[in-house]
Amino acid sequence: MRFKKVQLENFRNHSESSLEFTPGVNLIIGGNAQGKTSILEALSYVCLTKSFLQQSDFTVPKFGTDLFAIEAAMEGDRSSLNHARIVYSSGTGKKYFLNRNEVRRSSEVIGMFPIVMLSPGDFALTTGSPAERRKFADMVLSQISRSYLEELVEYRRALKQRNKILLDGKISNILDKDMLAAWTDALVAHGSRVMTKREEFLSDFQETFKSAYSTLVESGEAPGLYYEPSFGSRDSVQDTFHKELERVSRVERARGATLVGPHRDDIRFVLNDRSLKEFASQGQHKTFLVALKIAEFHYIRKMLGETPVMLLDDVMTELDYRRATSTIGVISGLGQTFITATDMLSFDEKFLDTVSTRYHHVKEGSVVYEHVGI
Ligand SMILES: Nc1ncnc2c1ncn2[C@@H]1O[C@H](COP(=O)(O)OP(=O)(O)OP(=O)(O)O)[C@@H](O)[C@H]1O
Ligand SMILES: [Mg+2]
């Protein structure tokens with residue numbers, strides 16, 4: 001798919017901005033704090049119904065206002081046209097309209113307009129906590145499988161309720177055993193399906209990832225990624241999950257929280273059989289991350305039959321020059337790409353020769369100038 005245009009109203013520092021896009025590379029150029037990332041954030045709202053920066057909706061309306069709106073037009077790989085309108089006000093909350101019909105559940109939209117993002121926050125994926133890696137798996141799976149997203153939502157709901165019962169029990173010394181049993185059943189039912197899907201995904205994703213990595217590195221490095229569930233299961237995941245919860249039940253009551261389940265999963269990243277986190281160089285971490293993102297693109301396209309849009313925020317500052325240009329070179333050939341950069345000087349247009357490029361200059365929350373080519 002590709003974005004054809006977008007209009008922002010009171011979105012961050014943009015009062016009213018309107019942009020038209022090329023199917024090739026869209027370079028969003030401007031100094032610091034002028035409103036570049038905000039444009040990518042608005043596109044992420046269209047695709048994911050929320051901010052990719054994981055910010056709450058109420059932070060988004062332009063200071064001094066209490067509502068924002070986004071309108072966007074998208075074209076699918078098979079030429080289908082879609083129009084999205086998102087409006088938010090502090091009083092009525094957020095509403096998403098697709099072709100003028102209100103969308104009630106975000107799972108109806110997520111996956112229709114697939115995206116792959118690479119932004120400064122993503123560098124925590126290989127260096128940070130397991131939560132970062134779960135987020136990665138969830139982002140890919142949610143876009144390719146509506147049922148996964150629905151299971152995940154239900155799992156989180158059951159987890160929240162179960163934790164509340166355990167915590168209330170700890171504080172009051174009276175445990176509501178019937179309620180606990182009911183939410184344990186829900187937790188196990190949804191959690192087992194989440195774990196099974198993650199397991200299938202990561203073994204399937206392995207090959208796509210290895211070939212993406214090999215396009216970035218000459219040779220001699222063997223990368224891998226492996227699912228590390230919070231518990232291993234020899235028989236059915238569901239039975240083992242129940243047994244594990246029984247095993248830790250005393251500790252759970254003492255702590256007032258659920259201690260096993262997919263909210264404790266991790267993904268182990270390795271390079272030449274050694275843990276990436278412990279042994280890799282900075283540069284190897286960065287290459288690993290870029291390979292994950294390129295593989296994410298290929299995997300989503302294969303599974304959905306729809307080409308994702310790539311959003312690259314600030315890669316010129318996060319990656320060294322050589323890595324940034326080779327990354328942009330590879331990614332810009334894949335499909336529609338959005339790249340933010342503080343200036344055009346650091347930008348080597350040579351690798352963009354073969355794709356159409358459109359420049360959008362942003363200043364103080366306005367798009368001051370748009371042009372094609374240099
Ligand atoms: N709700 C809001 N209303 C008005 N301005 C906001 C709001 N939220 C954030 N801002 C400001 O909007 C400006 C633009 O932010 P944005 O992240 O888009 O900048 P940027 O061009 O990506 O900058 P950088 O190059 O530093 O990443 C910043 O000054 C930010 O503080
Ligand atoms: Mg920015």
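**Ligand shell and domain interface**

Biologist: Which residues come nearest to ligand 1?
Modeller: In this predicted model, Ala-33, Lys-36, Thr-37, Ser-38 and Pro-61 come nearest, out of 16 residues around ligand 1.

Biologist: What makes the pair of Ala-33 and ligand 1 a polar contact?
Modeller: A polar backbone atom of Ala-33 is 2.7 Å from an oxygen atom of ligand 1. The cut-off for N or O atoms is within 3.5 Å, so the pair counts as a polar contact. Val-60 also qualifies, because a polar backbone atom of Val-60 is 3.3 Å from a nitrogen atom of the ligand. For Phe-63, a backbone N or O atom lies 2.9 Å from a nitrogen atom of ligand 1. On its own, ligand 1 has 660 Å² of accessible area, and the protein covers 74% of that.

Biologist: Why is the pair of Arg-105 and Glu-150 called a salt bridge?
Modeller: Their side chains meet at 3.5 Å, N to O. The rule asks for an Arg or Lys side-chain nitrogen within 4 Å of a carboxyl oxygen of Asp or Glu, so this pair is a salt bridge.

Biologist: How many salt bridges are counted between domain 1 and domain 2?
Modeller: The count is one. Eight residue pairs are in polar contact across that interface.

Biologist: What is the area buried between domain 1 and domain 2?
Modeller: It is about 1,800 Å², with 67% given by carbon and sulfur atoms. Ser-107, Arg-323 and Leu-334 supply 25% of the area that domain 1 buries against domain 2, more than any other three residues.

How values were computed. Residues numbered from 1 in each chain as written. Chains lettered and ligands numbered in written order. Predicted model: local features only at pLDDT ≥ 70, side-chain atom pairs only at ≥ 80, totals over all residues. Heavy atoms only, no water. Near = heavy atom within 4 Å. Polar contact = N/O pair within 3.5 Å; in protein donor to acceptor, adjacent residues only side chain to side chain. Areas by Shrake-Rupley, 256 points an atom, 1.4 Å probe, with all protein chains shown as cover. Buried area = accessible area lost by both parts, 1.4 Å probe.
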